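Me: I'm new to this one and would like to go through it slowly. Could you take my questions one at a time?

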Amino acid sequence: QVQLQESGPGLVNPSQTLSLTCTVSGGSITTKSYYWSWIRQPPGKGLEWMGAIAFSGSTYYSPSLKSRTSISRDTSKNQFTLQLSSVTPEDTAVYYCARSPQVYSTEYDYRGQGTPVTVSS
């Protein structure tokens, strides 16, 4: 059973960079054919796919967030990290990490429980 756990600050000031880490257990982030995604859900809205890092280390980003998003990984810790720069209150959401069969999609087979992030001064 693959388990994912998000960690990071629950409150971020506007214009700063949000950084979240996903720790994976029960499976390796280098296992072929899987993508490790970040997905978010703003209050009252649907899921939004933000980006992913593939088993190979290749990265993929949502066109609408590409200029502000960076995803990296630490294979020794079986973790991957999201950085979202220049945040605004519109980035307030529950952030999820997930294992996905494809990119540019909110589909997943395993997902973390989510971590709420508020952008406010």
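Me: Is L84 buried or exposed?
Reply: L84 counts as buried, because its relative accessibility is 0%; buried means under 20% relative accessible area, exposed means over 50%, and partly exposed lies in between, with a 1.4 Å probe and protein chains only. Please keep in mind that this is a predicted model, in which local features need pLDDT of at least 70 and side-chain atom pairs count only at pLDDT 80 or more, while totals for chains, interfaces and linings use all residues. Residues are numbered from 1 along each chain as its sequence is written, and side-chain values use heavy atoms, with hydrogens and water left out.

Me: Where does L84 sit, and what is it in contact with?
Reply: L84 belongs to strand β8, which covers residues 79-84; strands (E, at least two residues) and helices (H or I, at least four) are DSSP runs, numbered from the N terminus. Apart from neighbours within four places in sequence, L84 has contacts with Q16, T17, L18, R40, M50, R68, T69, D91 and Y95, where contact means heavy atoms within 4.5 Å. For Q16, which is 68 residues away along the chain, the C-alpha separation from L84 is 8.5 Å.

Me: OK, and how many helices and strands does the protein have?
Reply: There are zero helices and eleven strands in the protein, so that reading from the N terminus gives β-β-β-β-β-β-β-β-β-β-β.

Me: What about disulfides, how many are there?
Reply: A search of the whole structure turns up one disulfide, meaning a pair of cysteine sulfur atoms within 2.5 Å. That disulfide joins C22 to C97, with an S to S distance of 2.1 Å. The pair links distant parts of the chain, since C22 is in strand β3 (residues 18-25) and C97 is in strand β9 (residues 93-100), 75 residues apart.

Me: Which handedness does the disulfide have, and are C22 and C97 buried or exposed?
Reply: The torsion about the S-S bond of C22 and C97 is about 65°, so the disulfide is right-handed. Both C22 and C97 are buried.

Me: Switching topic, what is the phi of S15, and where is S15?
Reply: S15 is not a glycine, yet it has a positive phi of about 80°, and S15 lies in the loop between β2 (11-12) and β3. S15 is exposed, as its relative accessible area is 58%.

Me: And S86, what is its phi?
Reply: S86 is likewise not a glycine, and its positive phi is about 50°. S86 lies in the loop between β8 and β9, and with a relative accessible area of 42% S86 is partly exposed.

Me: What can you tell me about T59?
Reply: T59 is found in strand β6, residues 59-61, and T59 counts as partly exposed because its relative accessibility is 34%. Leaving aside neighbours within four places in sequence, T59 is in contact with A52, I53 and I71.

Me: Finally, what is the radius of gyration, and how much of the protein is buried?
Reply: The protein has a radius of gyration of 13 Å, which agrees with the value near 14 Å that a compact globule of 121 residues would have; the radius is taken over C-alpha atoms, and the globule rule is 2.2 Å times the number of residues to the power 0.38. Along its principal axes, the C-alpha trace spans about 40 × 25 × 25 Å. Buried residues make up 41% of the 121 residues.
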